[in-house]
Amino acid sequence: QVQLVESGGGLVQAGGSLRLSCAASGRAFSSSAMGWFRQAPGKEREFVAAITWNGGMTFHTDSVKGRFTISRDNAKNTVYLQMTSLKPEDTAVYYCAVVRQSGSRWLPSTWGQGTQVTVSS
């Protein structure tokens, strides 16, 4: 089983950068695809990015392409989300999760507890 703990959230001004980390425990991490999701107030939780088990392929939703980058370090059992050029609309609770691909969708499981990202104007 995999347990996930997010960190790195906080308050940042628009245009700033932030790096989120998701530390995983459990031997299954290195064989699992991983993803980041976010949920803003009044909105549905949405997919942000995903990365395959060996880091060979990444996927980012259109609204963050060119600004956010997902990566992983299997030796450290950690997945990252590097966020740049942050906008107020990026404000949300960010969650990492084990994911699997189903068609064009990434289906999450084994959620972390989430970390708050707030982008001020």
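Q: In this predicted model, how many bridges join strand E3 to E8, and how do the two strands run?
A: Strand E3 covers residues 18–25. E3 and E8 run antiparallel, and the number of bridges joining them is 6.

Q: Which residue in E8 is the bridge partner of Ile70?
A: Start with strand E7, residues 68–73, which is joined to E8 by 6 bridges and runs antiparallel to it. Within E8, the partner that Ile70 bridges to is Leu81.

Q: Which residue in the turn of the E7 and E8 hairpin has a positive phi?
A: The hairpin leaves 4 residues between E7 and E8.

Q: Why is strand E8 largely enclosed by the rest of the structure?
A: Strand E8 spans residues 78–83, and buried here means under 20% relative accessible area. E8 is largely enclosed because the buried share of its 6 residues is 5.

Q: Which strand gives the largest share of the lining of the largest pocket?
A: The pocket holds about 160 Å³ of space. Its lining includes Phe37, Phe47 and Phe59, along with Arg105, Trp106 and Pro108. The largest share is 3 residues, and they come from strand E10 (residues 105–109).

Q: How many residues of the lining of the largest pocket are nonpolar, polar and charged?
A: Gln101, Gly103 and Ser104 are among the lining residues, and so is Arg105. Sorted by type, the lining comes out as 5 nonpolar, 3 polar and 1 charged.

Conventions. Residues are numbered from 1 along each chain as its sequence is written. This is a predicted model: local features need pLDDT of at least 70, side-chain atom pairs count only at pLDDT 80 or more; totals for chains, interfaces and linings use all residues. Side-chain values use heavy atoms; hydrogens and water are left out. On a 1 Å grid over the protein atoms alone, a cavity is a set of points where a 1.4 Å probe fits but cannot get out, and a pocket is an open set with protein on both sides within 12 Å along at least five of seven lines; lining residues have an atom within 4 Å of a point. Grid points are joined across faces, edges and corners, and a volume is the space filled by probe spheres set on the points. Ala, Val, Leu, Ile, Met, Phe, Trp, Tyr, Cys and Pro count as nonpolar, Asp, Glu, Lys and Arg as charged, and the others, Gly among them, as polar. Buried means under 20% relative accessible area, exposed over 50%, partly exposed in between (1.4 Å probe, protein chains only). Two strands pair if DSSP finds at least two bridges between them.
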